[in-house]
Amino acid sequence: MEKQIEQIKESALAAIHESKNLVELDSIRVKFLGKKSELASISKNMGKLSAEDRPRLGKINHDARVEIESALDKKKIELQSLELDQKLKTESIDVTLPGRRNIRGHLHPITLTLDRIKKIFLNMGYSIEEGPEIETDYFNFEALNLPKDHPARDMQDSFYITEEILMRTQTSPVQARTMQAHSNNEPIKMIAPGRVYRRDDYDASHSPMFTQVEGLVIDRGIRFSDLKGTLETFLKQTFGSKAKIRLRPSFFPFTEPSTEVDVSCVMCHGNGCSVCKGSGWLEILGAGMVHPHVLEMSGYDPKIVSGFAFGLGVERIAMLTYGIDDLRLFYDNDVRFLKQF
Ligand code: PHE
(Lines give C-alpha, C1' and ligand atoms only; values in the text may rest on other atoms or scores of the structure.)
Protein backbone atom coordinates (compact mmCIF):
# COMPACT_ATOMS: atom_id res chain seq x y z
CA MET A 1 0.00 0.00 0.00
CA GLU A 2 2.88 2.26 0.84
CA LYS A 3 4.26 1.78 -2.63
CA GLN A 4 0.87 2.39 -4.19
CA ILE A 5 0.57 5.75 -2.39
CA GLU A 6 4.07 6.65 -3.47
CA GLN A 7 3.17 5.90 -7.10
CA ILE A 8 0.00 7.91 -6.99
CA LYS A 9 1.91 10.82 -5.56
CA GLU A 10 4.60 10.62 -8.23
CA SER A 11 2.14 10.50 -11.09
CA ALA A 12 0.14 13.37 -9.54
CA LEU A 13 3.26 15.55 -9.22
CA ALA A 14 4.28 14.72 -12.77
CA ALA A 15 0.82 15.61 -14.09
CA ILE A 16 0.88 18.88 -12.16
CA HIS A 17 4.29 19.68 -13.54
CA GLU A 18 3.11 19.06 -17.12
CA SER A 19 -0.21 20.88 -16.89
CA LYS A 20 -0.55 23.87 -19.19
CA ASN A 21 -3.55 25.79 -17.97
CA LEU A 22 -5.84 26.33 -15.00
CA VAL A 23 -8.68 24.17 -16.36
CA GLU A 24 -6.35 21.24 -16.78
CA LEU A 25 -4.88 21.82 -13.34
CA ASP A 26 -8.34 21.71 -11.81
CA SER A 27 -9.14 18.39 -13.41
CA ILE A 28 -5.84 17.01 -12.02
CA ARG A 29 -6.93 18.18 -8.56
CA VAL A 30 -10.25 16.34 -8.92
CA LYS A 31 -8.59 13.23 -10.27
CA PHE A 32 -6.00 12.89 -7.49
CA LEU A 33 -7.67 14.47 -4.47
CA GLY A 34 -11.41 14.31 -5.24
CA LYS A 35 -13.96 12.06 -3.54
CA LYS A 36 -13.55 9.37 -6.18
CA SER A 37 -9.75 9.48 -6.27
CA GLU A 38 -7.47 6.58 -5.41
CA LEU A 39 -6.19 8.37 -2.32
CA ALA A 40 -9.74 8.84 -1.12
CA SER A 41 -10.57 5.15 -1.50
CA ILE A 42 -7.34 4.24 0.29
CA SER A 43 -8.43 6.48 3.16
CA LYS A 44 -11.80 4.77 3.23
CA ASN A 45 -10.17 1.35 3.49
CA MET A 46 -7.83 2.34 6.35
CA GLY A 47 -10.30 0.80 8.77
CA LYS A 48 -9.48 -2.64 7.46
CA LEU A 49 -5.80 -2.38 8.34
CA SER A 50 -4.25 -3.76 11.48
CA ALA A 51 -3.88 -1.48 14.49
CA GLU A 52 -0.10 -1.22 14.00
CA ASP A 53 -0.23 -0.38 10.28
CA ARG A 54 -3.11 2.06 10.49
CA PRO A 55 -1.35 5.11 12.02
CA ARG A 56 1.77 4.73 9.89
CA LEU A 57 -0.06 4.34 6.58
CA GLY A 58 -2.55 6.99 7.62
CA LYS A 59 0.29 9.42 8.03
CA ILE A 60 1.87 8.46 4.68
CA ASN A 61 -1.46 8.94 2.97
CA HIS A 62 -1.96 12.30 4.65
CA ASP A 63 1.56 13.51 3.79
CA ALA A 64 1.10 12.53 0.16
CA ARG A 65 -2.14 14.55 0.04
CA VAL A 66 -0.44 17.61 1.60
CA GLU A 67 2.43 17.37 -0.87
CA ILE A 68 0.06 17.18 -3.85
CA GLU A 69 -1.98 20.10 -2.51
CA SER A 70 1.02 22.36 -2.13
CA ALA A 71 2.26 21.43 -5.61
CA LEU A 72 -1.19 22.30 -6.95
CA ASP A 73 -1.17 25.67 -5.19
CA LYS A 74 2.27 26.54 -6.47
CA LYS A 75 1.40 25.60 -10.02
CA LYS A 76 -1.86 27.54 -9.79
CA ILE A 77 -0.04 30.78 -8.97
CA GLU A 78 2.42 30.12 -11.77
CA LEU A 79 -0.32 29.51 -14.33
CA GLN A 80 -2.34 32.51 -13.15
CA SER A 81 0.50 34.92 -13.72
CA LEU A 82 1.23 33.27 -17.05
CA GLU A 83 -2.35 33.72 -18.17
CA LEU A 84 -2.34 37.33 -16.99
CA ASP A 85 0.82 38.01 -19.00
CA GLN A 86 -0.83 36.52 -22.04
CA LYS A 87 -3.96 38.60 -21.49
CA LEU A 88 -1.91 41.78 -21.20
CA LYS A 89 -0.08 40.89 -24.40
CA THR A 90 -3.18 40.17 -26.45
CA GLU A 91 -5.71 42.63 -25.06
CA SER A 92 -5.38 46.36 -25.42
CA ILE A 93 -6.83 49.04 -23.15
CA ASP A 94 -7.55 52.52 -24.46
CA VAL A 95 -6.06 54.63 -21.68
CA THR A 96 -7.23 57.81 -23.41
CA LEU A 97 -10.91 56.95 -22.83
CA PRO A 98 -12.39 59.44 -20.35
CA GLY A 99 -13.33 58.02 -16.96
CA ARG A 100 -16.88 57.88 -15.63
CA ARG A 101 -17.66 61.17 -13.94
CA ASN A 102 -19.44 61.52 -10.62
CA ILE A 103 -22.52 63.71 -10.77
CA ARG A 104 -21.68 66.98 -9.02
CA GLY A 105 -24.30 68.94 -7.14
CA HIS A 106 -24.51 72.69 -7.39
CA LEU A 107 -26.26 75.68 -5.84
CA HIS A 108 -30.03 76.06 -6.06
CA PRO A 109 -31.30 78.82 -8.43
CA ILE A 110 -32.71 80.74 -5.44
CA THR A 111 -29.31 80.64 -3.72
CA LEU A 112 -27.62 81.74 -6.96
CA THR A 113 -30.04 84.67 -7.30
CA LEU A 114 -29.63 85.58 -3.64
CA ASP A 115 -25.83 85.54 -4.02
CA ARG A 116 -26.01 87.92 -6.98
CA ILE A 117 -28.30 90.30 -5.06
CA LYS A 118 -25.99 90.23 -2.04
CA LYS A 119 -22.96 90.94 -4.20
CA ILE A 120 -24.56 94.03 -5.76
CA PHE A 121 -25.36 95.49 -2.33
CA LEU A 122 -22.01 94.49 -0.81
CA ASN A 123 -20.36 96.42 -3.63
CA MET A 124 -22.43 99.46 -2.62
CA GLY A 125 -21.10 99.19 0.93
CA TYR A 126 -24.04 97.45 2.60
CA SER A 127 -23.63 94.98 5.46
CA ILE A 128 -25.64 91.77 5.74
CA GLU A 129 -27.85 91.29 8.81
CA GLU A 130 -29.88 88.32 9.90
CA GLY A 131 -32.98 87.86 12.01
CA PRO A 132 -34.95 84.86 13.29
CA GLU A 133 -37.61 83.17 11.17
CA ILE A 134 -39.64 82.58 14.32
CA GLU A 135 -40.35 86.13 15.37
CA THR A 136 -42.25 88.02 18.03
CA ASP A 137 -45.45 89.87 17.22
CA TYR A 138 -43.64 92.94 18.52
CA PHE A 139 -40.83 92.91 15.91
CA ASN A 140 -42.90 91.52 13.04
CA PHE A 141 -45.75 94.02 13.44
CA GLU A 142 -45.78 96.35 16.41
CA ALA A 143 -42.32 97.92 16.05
CA LEU A 144 -43.20 98.46 12.37
CA ASN A 145 -46.18 100.65 13.17
CA LEU A 146 -48.72 97.82 12.94
CA PRO A 147 -50.49 97.74 16.29
CA LYS A 148 -52.66 94.74 17.17
CA ASP A 149 -55.88 96.02 15.60
CA HIS A 150 -54.30 97.54 12.48
CA PRO A 151 -56.24 96.56 9.33
CA ALA A 152 -53.01 96.23 7.28
CA ARG A 153 -52.24 93.09 9.28
CA ASP A 154 -54.80 91.35 7.09
CA MET A 155 -52.46 91.60 4.08
CA GLN A 156 -50.02 89.30 5.82
CA ASP A 157 -51.89 86.50 7.52
CA SER A 158 -49.38 84.48 9.45
CA PHE A 159 -48.71 81.15 11.09
CA TYR A 160 -48.97 81.78 14.82
CA ILE A 161 -47.09 79.66 17.35
CA THR A 162 -48.54 81.52 20.33
CA GLU A 163 -50.43 84.79 20.37
CA GLU A 164 -47.12 86.64 20.67
CA ILE A 165 -44.85 84.40 18.55
CA LEU A 166 -45.22 83.71 14.84
CA MET A 167 -43.39 82.74 11.67
CA ARG A 168 -42.22 86.11 10.33
CA THR A 169 -44.31 87.34 7.40
CA GLN A 170 -41.61 89.67 6.08
CA THR A 171 -37.93 90.47 6.61
CA SER A 172 -38.88 93.97 7.84
CA PRO A 173 -38.54 92.98 11.55
CA VAL A 174 -34.77 92.93 10.91
CA GLN A 175 -35.08 96.71 10.36
CA ALA A 176 -36.27 97.22 13.95
CA ARG A 177 -33.81 94.64 15.34
CA THR A 178 -30.87 96.35 13.63
CA MET A 179 -31.94 99.83 14.73
CA GLN A 180 -32.30 98.65 18.34
CA ALA A 181 -28.80 97.14 18.23
CA HIS A 182 -27.44 100.64 17.50
CA SER A 183 -27.56 103.83 19.54
CA ASN A 184 -26.83 107.58 19.18
CA ASN A 185 -28.46 107.79 15.75
CA GLU A 186 -25.62 105.73 14.25
CA PRO A 187 -25.84 105.33 10.48
CA ILE A 188 -27.10 101.97 9.14
CA LYS A 189 -26.69 100.54 5.66
CA MET A 190 -27.79 96.94 5.59
CA ILE A 191 -29.64 94.23 3.71
CA ALA A 192 -31.35 91.31 5.43
CA PRO A 193 -31.98 88.23 3.26
CA GLY A 194 -34.11 85.35 4.50
CA ARG A 195 -37.19 83.20 4.41
CA VAL A 196 -40.67 84.50 5.24
CA TYR A 197 -43.99 82.72 5.78
CA ARG A 198 -47.58 83.62 4.97
CA ARG A 199 -50.86 81.83 4.92
CA ASP A 200 -51.03 81.87 1.14
CA ASP A 201 -52.22 79.27 -1.34
CA TYR A 202 -49.64 77.18 -3.14
CA ASP A 203 -49.93 77.96 -6.83
CA ALA A 204 -47.86 79.17 -9.79
CA SER A 205 -47.26 82.58 -8.20
CA HIS A 206 -47.85 82.05 -4.45
CA SER A 207 -46.16 79.97 -1.79
CA PRO A 208 -46.61 79.86 1.98
CA MET A 209 -42.83 80.18 2.21
CA PHE A 210 -40.66 82.42 0.09
CA THR A 211 -37.48 84.47 0.19
CA GLN A 212 -37.12 88.22 0.69
CA VAL A 213 -34.29 90.71 0.87
CA GLU A 214 -34.89 93.70 3.10
CA GLY A 215 -32.88 96.89 2.76
CA LEU A 216 -32.46 99.72 5.25
CA VAL A 217 -30.37 102.87 5.08
CA ILE A 218 -30.38 105.45 7.89
CA ASP A 219 -28.21 108.53 8.13
CA ARG A 220 -28.41 112.29 8.29
CA GLY A 221 -29.98 113.74 5.15
CA ILE A 222 -31.15 110.54 3.44
CA ARG A 223 -33.68 111.52 0.79
CA PHE A 224 -36.20 109.87 -1.49
CA SER A 225 -33.84 110.43 -4.44
CA ASP A 226 -31.26 108.24 -2.65
CA LEU A 227 -33.82 105.44 -2.56
CA LYS A 228 -34.65 105.87 -6.23
CA GLY A 229 -30.98 105.97 -7.29
CA THR A 230 -30.15 102.90 -5.22
CA LEU A 231 -33.01 100.85 -6.63
CA GLU A 232 -32.27 101.97 -10.17
CA THR A 233 -28.64 100.88 -9.76
CA PHE A 234 -29.71 97.55 -8.32
CA LEU A 235 -32.30 96.83 -11.02
CA LYS A 236 -29.99 97.81 -13.88
CA GLN A 237 -27.30 95.48 -12.51
CA THR A 238 -29.88 92.72 -12.19
CA PHE A 239 -31.81 93.08 -15.45
CA GLY A 240 -29.36 94.97 -17.68
CA SER A 241 -28.54 98.63 -18.31
CA LYS A 242 -31.62 99.14 -20.51
CA ALA A 243 -33.99 98.41 -17.62
CA LYS A 244 -36.17 101.38 -16.66
CA ILE A 245 -37.88 101.86 -13.32
CA ARG A 246 -41.25 103.32 -12.44
CA LEU A 247 -42.45 104.34 -8.97
CA ARG A 248 -46.13 104.20 -8.03
CA PRO A 249 -47.56 105.57 -4.78
CA SER A 250 -48.43 102.81 -2.35
CA PHE A 251 -48.97 102.16 1.32
CA PHE A 252 -46.92 100.38 3.95
CA PRO A 253 -47.46 101.19 7.63
CA PHE A 254 -43.71 101.49 8.27
CA THR A 255 -42.79 103.82 5.40
CA GLU A 256 -44.09 107.28 4.49
CA PRO A 257 -44.23 108.04 1.66
CA SER A 258 -44.40 104.49 0.29
CA THR A 259 -43.92 103.26 -3.22
CA GLU A 260 -44.37 100.21 -5.36
CA VAL A 261 -41.42 99.85 -7.74
CA ASP A 262 -41.87 98.49 -11.26
CA VAL A 263 -39.18 97.53 -13.76
CA SER A 264 -39.70 97.61 -17.53
CA CYS A 265 -40.69 94.10 -18.61
CA VAL A 266 -37.56 91.98 -18.98
CA MET A 267 -39.26 89.78 -21.59
CA CYS A 268 -40.68 92.38 -24.02
CA HIS A 269 -38.72 95.50 -22.94
CA GLY A 270 -41.90 97.47 -22.41
CA ASN A 271 -43.83 96.54 -25.55
CA GLY A 272 -46.38 94.42 -23.72
CA CYS A 273 -46.47 90.62 -23.50
CA SER A 274 -48.11 87.85 -21.50
CA VAL A 275 -45.58 88.07 -18.65
CA CYS A 276 -46.36 91.77 -18.00
CA LYS A 277 -49.98 91.24 -19.01
CA GLY A 278 -49.64 93.78 -21.79
CA SER A 279 -48.61 96.66 -19.49
CA GLY A 280 -44.89 96.66 -20.28
CA TRP A 281 -44.10 96.86 -16.53
CA LEU A 282 -43.40 94.31 -13.80
CA GLU A 283 -44.04 94.99 -10.13
CA ILE A 284 -40.81 94.09 -8.41
CA LEU A 285 -40.60 95.50 -4.88
CA GLY A 286 -42.05 97.69 -2.16
CA ALA A 287 -40.18 100.61 -0.62
CA GLY A 288 -40.42 103.99 1.05
CA MET A 289 -38.96 106.47 3.51
CA VAL A 290 -38.81 105.02 7.03
CA HIS A 291 -41.82 106.29 9.00
CA PRO A 292 -40.74 108.76 11.74
CA HIS A 293 -42.67 106.74 14.32
CA VAL A 294 -40.76 103.58 13.33
CA LEU A 295 -37.46 105.40 13.80
CA GLU A 296 -38.61 106.73 17.17
CA MET A 297 -39.85 103.35 18.47
CA SER A 298 -36.39 101.86 17.86
CA GLY A 299 -34.43 104.70 19.44
CA TYR A 300 -33.65 106.94 16.45
CA ASP A 301 -34.49 110.65 16.39
CA PRO A 302 -36.43 111.54 13.19
CA LYS A 303 -35.47 115.19 13.68
CA ILE A 304 -31.79 114.25 13.25
CA VAL A 305 -31.78 111.31 10.83
CA SER A 306 -33.92 109.93 8.04
CA GLY A 307 -33.86 106.70 6.09
CA PHE A 308 -35.27 104.54 3.36
CA ALA A 309 -36.25 100.88 3.30
CA PHE A 310 -37.19 98.37 0.65
CA GLY A 311 -38.25 94.75 0.44
CA LEU A 312 -37.96 92.51 -2.60
CA GLY A 313 -39.03 88.97 -3.44
CA VAL A 314 -36.14 86.75 -4.51
CA GLU A 315 -38.29 84.12 -6.25
CA ARG A 316 -39.82 86.82 -8.44
CA ILE A 317 -36.38 88.02 -9.51
CA ALA A 318 -35.19 84.45 -10.14
CA MET A 319 -38.30 83.72 -12.26
CA LEU A 320 -37.66 86.80 -14.39
CA THR A 321 -33.93 86.12 -14.68
CA TYR A 322 -34.36 82.52 -15.81
CA GLY A 323 -37.73 82.83 -17.57
CA ILE A 324 -39.56 80.49 -15.19
CA ASP A 325 -43.36 80.68 -15.11
CA ASP A 326 -44.17 78.51 -12.09
CA LEU A 327 -42.88 79.32 -8.60
CA ARG A 328 -43.43 75.74 -7.40
CA LEU A 329 -40.57 74.48 -9.58
CA PHE A 330 -38.16 76.00 -7.04
CA TYR A 331 -39.48 73.81 -4.24
CA ASP A 332 -40.40 70.55 -5.99
CA ASN A 333 -36.80 69.30 -5.98
CA ASP A 334 -37.13 67.77 -9.43
CA VAL A 335 -33.57 67.13 -10.63
CA ARG A 336 -34.63 67.57 -14.26
CA PHE A 337 -35.38 71.19 -13.38
CA LEU A 338 -32.50 71.77 -10.96
CA LYS A 339 -29.92 70.29 -13.35
CA GLN A 340 -30.38 73.25 -15.69
CA PHE A 341 -28.70 75.87 -13.50
N1 PHE B 1 -42.19 94.20 4.01
C2 PHE B 1 -42.93 94.61 2.85
C3 PHE B 1 -43.68 93.40 2.32
O4 PHE B 1 -43.28 92.29 2.58
C5 PHE B 1 -42.04 95.20 1.80
C6 PHE B 1 -41.40 96.48 2.22
C7 PHE B 1 -40.19 96.50 2.87
C8 PHE B 1 -42.00 97.71 1.95
C9 PHE B 1 -39.59 97.67 3.25
C10 PHE B 1 -41.43 98.88 2.30
C11 PHE B 1 -40.24 98.88 2.96
O12 PHE B 1 -44.65 93.53 1.59
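In the predicted model, the C-alpha centres of domain 1 and domain 2 are separated by 86 Å. The domain assignment, which is of automatic or database origin, places domain 1 at residues 2-90 and domain 2 at residues 109-338. Residues are numbered from 1 along each chain as its sequence is written. Because the model is predicted, local features need pLDDT of at least 70 and side-chain atom pairs count only at pLDDT 80 or more, while totals for chains, interfaces and linings use all residues, and side-chain values use heavy atoms, with hydrogens and water left out.

Aromatic pairs were assigned to rings of Phe, Tyr and Trp (its six-membered ring) whose centres lie within 6.5 Å, with planes under 30 degrees apart counted as stacked, over 60 as edge-to-face and the rest as tilted. By this rule, 9 aromatic pairs are found. The rings of Tyr322 and Phe341 are edge-to-face, because their planes stand at 75° with the centres 4.7 Å apart. Since Tyr322 belongs to helix H10 (residues 314-322) and Phe341 to the segment after helix H11 (335-338), this pair ties together parts that are 19 residues apart in sequence; helices are DSSP runs of H or I with at least four residues, numbered from the N terminus.

Relative accessible area (1.4 Å probe, protein chains only) was classed as buried under 20%, exposed over 50% and partly exposed in between. Tyr322, at 28%, is partly exposed, and Phe341, at 25%, is likewise partly exposed. Phe330 and Phe337 also form an edge-to-face pair, with 6.1 Å from centre to centre and 70° between the planes; here Phe330 is buried at 2%, and Phe337 is buried at 10%. Finally, one aromatic cluster is formed by Phe121, Tyr126, Phe234, Phe308 and Phe310.

Terms used: Helix = DSSP H or I, 4+ residues; strand = E, 2+ residues; numbered from the N terminus.
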